[in-house]
Amino acid sequence: MSVHRYLLPIFALSSGLNAAPAALDLQVSAYFEEHCTKCHDEDVQKGDFRVDNLSHKVGFENTPQWLEIMERINSGEMPPKKEKKQPKAEESAKVVEWIAARMKEGEAAKMATRAKVTYNRLTRDEYVNTVRDLIGVQFDAKDPGNLLEDAEWHGFERIGSVLTLSPSNIEKYLAAAETVLAEAYPEPAPPLRKGQKPPEPFGGTKPVLYEEQISERHRERLREMGLLDKVRFDCWPGDIYRYTALKDPLPEAGVYEITYKLSGLKPDKGRAPRLKVYESKLDRVLFEQDIIADEDKPITVTFRTHLPKGRPSIEVYNDVPGPSNLPRSGRHGEAPFISTKIGRIPWQMKLTDEAGKPRYPFLIIDSVTWKGPIIEEHEKQLRDDYMPREEGNMQQARECLATLAKRAFRRPVTGEEIDEYMTIVRSELEAKETFRNAVKAGMLAILNSKSFLFIAEGDENASRNTLNDWEIASRLSYLLWSTMPDAELFALAEQDRLHDKAVLAQQFARMIADPRAARFSESFATQWLRLRKVGMFQPDKKLYPDYDKTLENSMIAETTTFFREVLNHGLTLREFLNSDWSMMNELLAKHYGLDDAFTTARKDSKDDAGFIRVALKPEAHRGGLLTQASILSLTSDGVRHRPVHRGVWLNEAIFGKSPPPPPANVNPIPTNPTGPKATLREKLEAHIHDANCAACHSKIDPLGLAFENYDAIGRWRTEEVTDGVGANPKVVSSGKLPDGREYKDAEEFKKLLLHDLDAFNHTFIEKLATYGLRRTVTFTDRDELKKIAAASKAKDYRLRDLVEAFVISDLFQTR
């Protein structure tokens with residue numbers, strides 16, 4: 001029985017955003033007829049497996065069977081080797097790619113399925129931002145025991161069908177809301193007894209060491225010398241200062257301001273000392289910054305951080321590499337530190353040379369100042385909006401809960417909804433709870449409502465595929481600010497004006513200029529480019545001793561600030577593929593060997609400590625996203641670079657194509673520690689001996705091999721340090737794309753990508769739509785995506801105009 005007539009309808013029914021061309025459809029159907037029919041039809045059914053009765057909706061039905069077909073062909077198991085007539089490797093590869101593409105389309109369509117109402121849970125970051133803007137409380141969602149990490153789909157963390165709500169999530173949201181309300185409305189202090197003085201306000205300045213922390217003999221000696229108030233704390237690389245906290249515990253949970261007075265001494269050709277403030281119980285870095293200041297001209301650095309009530313466990317590190325602190329010379333002695341001029345104990349490591357210049361980057365801490373808890377006026381106003389002014393006034397309670405619910409639900413609320421929350425208040429009062437706590441119980445129910453935790457779109461009473469004005473307000477606000485709409489968006493929604501595209505364009509211009517829009521640059525760039533993977537495989541310390549968390553964070557920050565620079569300064573998508581500039585701090589510039597370029601750029605910059613725009617010459621071997629250390633390291637394994645993974649990443653992020661999965665049980669590439677030294681490229685080429693593997697790798701590998709001049713942490717190199725015998729081999733970064741175009745290095749490769757700018761434009765818009773719509777894009781979105789792509793092209797692919805075109809498109813107002 002011929003399978004041909006069963007397969008032809010499949011190609012007609014299975015189409016998606018990247019639907020296969022007609023020629024490929026015919027090739028695939030011919031492949032099945034020639035190599036599959038005689039063994040797997042109604043008459044033979046070898047292995048109890050048939051292909052003639054499989055559903056024509058590939059990717060939607062009979063998925064396990066189609067996956068098995070794909071895996072058997074991909075591994076070379078089918079057709080069997082004993083068959084005389086074998087397909088060419090390229091033919092099998094095309095069939096595998098076709099089935100894989102249909103599977104991806106089916107998955108996307110299932111995930112994009114919309115009921116009458118769709119519910120998209122707030123991400124962890126969105127929850128934090130929304131709570132802060134709703135009630136004026138900073139909730140630390142990432143602290144131990146708080147909210148769980150968000151699930152992701154192909155890097156995206158906002159997909160509604162993925163962000164489910166498990167029982168453990170519910171418990172954590174309940175605990176989170178209780179924590180937020182406890183901070184917003186702490187229990188009133190008991191009235192003072194007769195003659196009792198009110199407590200002193202929290203805060204003040206403390207020395208680095210209290211007198212009682214200094215041994216008696218040194219204390220008296222310093223007192224006699226008049227130096228007791230001149231005690232300082234010397235903090236060499238890796239050293240820890242543990243005395244930040246005041247004697248009194250923090251009176252309430254809230255935002256506290258901490259100021260360090262300190263100096264930072266930097267060796268002539270070394271790194272600056274880095275102040276890192278870490279709360280060990282919370283496992284949270286509170287603040288970090290490079291410090292450069294003369295010993296006799298200390299500076300102050302101030303930051304605000306949210307801390308729970310009680311005694312904090314704060315450790316201050318000088319977070320730079322240096323000599324080991326394990327020997328006796330790396331310890332503090334009994335004698336307090338006063339000055340490098342006075343010197344240190346003879347057995348301690350020498351921090352300065354004979355000329356008094358620092359040998360290592362080290363900090364000298366003078367004092368610590370505390371203020372708090374700090375409540376801004378607008379935060380106090382928010383909290384006052386939701387708590388009745390008069391004790392026992394139920395009408396005020398109703399009005400307050402209605403105000404909270406309308407803002408929290410991001411839409412008008414009905415009287416019946418408020419009745420439910422007032423029932424909770426009355427129930428608490430009947431249980432002898434205080435009026436204040438009864439109202440807080442109503443608030444707690446609102447903060448745990450589905451209408452708060454989820455962004456709802458649609459109508460239970462009608463089939464509606466477009467958004468109303470309140471839903472548009474939320475979609476726009478969570479796209480650009482990752483938080484709830486502000487008063488102006490709410491007012492426009494109330495007036496039914498957000499459907500007007502001219503109004504939407506005005507709001508886009510207003511919101512993209514707001515500092516909160518930096519969240520879009522960071523969040524979207526992180527998810528699109530999979531930056532969460534940076535550091536997932538920590539680089540081997542023996543191979544990469546200079547790699548640390550500070551450098552890792554700098555790598556990520558380069559990419560997110562680069563994205564923001566392109567967005568805010570009217571630049572185009574071309575910059576992502578190739579540019580003559582990048583964003584760097586001093587540490588990253590040193591990592592790239594671009595110290596001079598950074599120094600030149602800093603002379604013209606107003607930013608002394610952060611990231612600045614650095615002009616790149618051709619010999620810098622940088623430019624665009626693809627040669628940034630974050631991208632190059634996330635596709636490595638911590639020991640060596642991985643050209644195949646680099647090719648897969650580029651295929652997905654830049655061209656929007658996911659290659660089929662590799663066959664099972666593929667042998668790893670050998671290290672050959674005892675044989676002649678060979679590059680990973682040479683080992684890879686020797687490894688791909690199977691024709692089926694080679695057919696697929698020929699499309700992936702050229703995309704990654706262009707970056708052979710970059711090691712596992714993104715440093716430029718001309719030879720590859722590897723195991724084996726003999727000299728390290730020279731790196732070769734030339735290659736040929738599947739369409740026959742050739743390149744000799746990464747620069748030529750990036751120029752070739754610029755010729756495919758339209759393809760990248762389409763991919764970028766699909767990624768943006770996935771992020772903004774909180775769902776996968778499907779075939780039904782194709783025409784609207786093409787319109788946005790055309791609008792982008794008409795504006796010369798400027799990123800800001802592209803995002804605006806998305807916001808004012810019909811697709812943006814579609815569920």
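Start by selecting Phe409 and Tyr421: both are buried (under 20% relative accessible area; exposed is over 50%, partly exposed in between; 1.4 Å probe, protein chains only). The model is predicted: local features need pLDDT of at least 70, side-chain atom pairs count only at pLDDT 80 or more, and totals for chains, interfaces and linings use all residues. Residues are numbered from 1 along each chain as its sequence is written, and side-chain values use heavy atoms, with hydrogens and water left out.

**Ring pairs**

Rings of Phe, Tyr and Trp (its six-membered ring) pair if their centres lie within 6.5 Å; planes under 30 degrees apart count as stacked, over 60 as edge-to-face and the rest as tilted. The count of aromatic pairs comes to 35. Select Phe202 and Tyr256. This pair is edge-to-face, with 5.7 Å centre to centre and 80° between the planes. It links distant parts of the chain, 54 residues apart: Phe202 is in the loop between helix H6 (167-184) and strand E2 (203-207), and Tyr256 is in strand E5 (residues 254-265). Helices (H or I, at least four residues) and strands (E, at least two) are DSSP runs, numbered from the N terminus. Phe202 counts as buried because its relative accessibility is 18%. Tyr256 counts as buried at 0%.

Go back to Phe409 and Tyr421. Their ring centres are 6.4 Å apart and their planes at 55°, so the pair is tilted. Phe409 is in helix H9 (residues 394-409) and Tyr421 in helix H10 (residues 415-430), 12 residues apart.

Next, select the ring cluster: Phe520, Phe524, Trp528, Phe562, Phe563, Phe576, Trp581, Phe760, Phe764 and Tyr771, linked by ring pairs.

**Charges over rings**

A charge sits over a ring if NZ of Lys or CZ of Arg is within 6 Å of the ring centre and within 35 degrees of the ring normal. Arg158 lies over the face of Tyr771, 4.1 Å from the ring centre. Then pick Arg516 and Trp481. Here the charged end of Arg516 sits over the Trp481 ring, 3.7 Å from its centre.

A nonpolar core is a set of buried Ala, Val, Leu, Ile, Met, Phe, Trp, Tyr and Cys residues joined through side-chain atoms within 4.5 Å. The largest one has 145 residues; Phe520, Trp528, Phe576, Phe749 and Phe764 touch the most other members. Helix H26 (residues 757-773) gives the largest share of this core, eight residues. Another core lies apart from it, with 34 residues, among them Leu227, Leu250, Ile258 and Val277.

Zoom in on Phe749. Not counting residues up to four places away in sequence, Phe749 touches Leu626, Leu650, Pro702, Leu703, Ala706, Phe707, Leu737 and Tyr743 (contact means heavy atoms within 4.5 Å).

Now show helix H25 (residues 746-754). Its buried residues are Ala746, Phe749, Lys750, Leu752 and Leu753. At the start of H25, a side-chain oxygen of Asp745 comes within 3.2 Å of the backbone nitrogen of Glu747.

Select Glu471, in helix H13 (residues 469-480). Glu471 counts as buried at 8% relative accessibility. Its side chain makes a polar contact with the side chain of Arg464 (2.9 Å).

Select Thr635, in the loop between helix H21 (629-634) and helix H22 (643-655). Thr635 is buried, with a relative accessible area of 4%. Its side chain reaches the backbone oxygen of Ile631 at 3.1 Å. A polar contact at 3.5 Å joins the side chains of Thr635 and Arg646.

**Backbone stops**

Select Gly372 and Pro373: a cis peptide bond joins them, with omega about -5°. Pro373 is in strand E10 (residues 362-374).

Then select Ser482. Its phi is positive, about 55°, although Ser482 is not a glycine. Ser482 lies in the loop between H13 and helix H14 (487-494) and counts as buried at 6% relative accessibility.

Note on methods: Polar contact = N/O pair within 3.5 Å; in protein donor to acceptor, adjacent residues only side chain to side chain.
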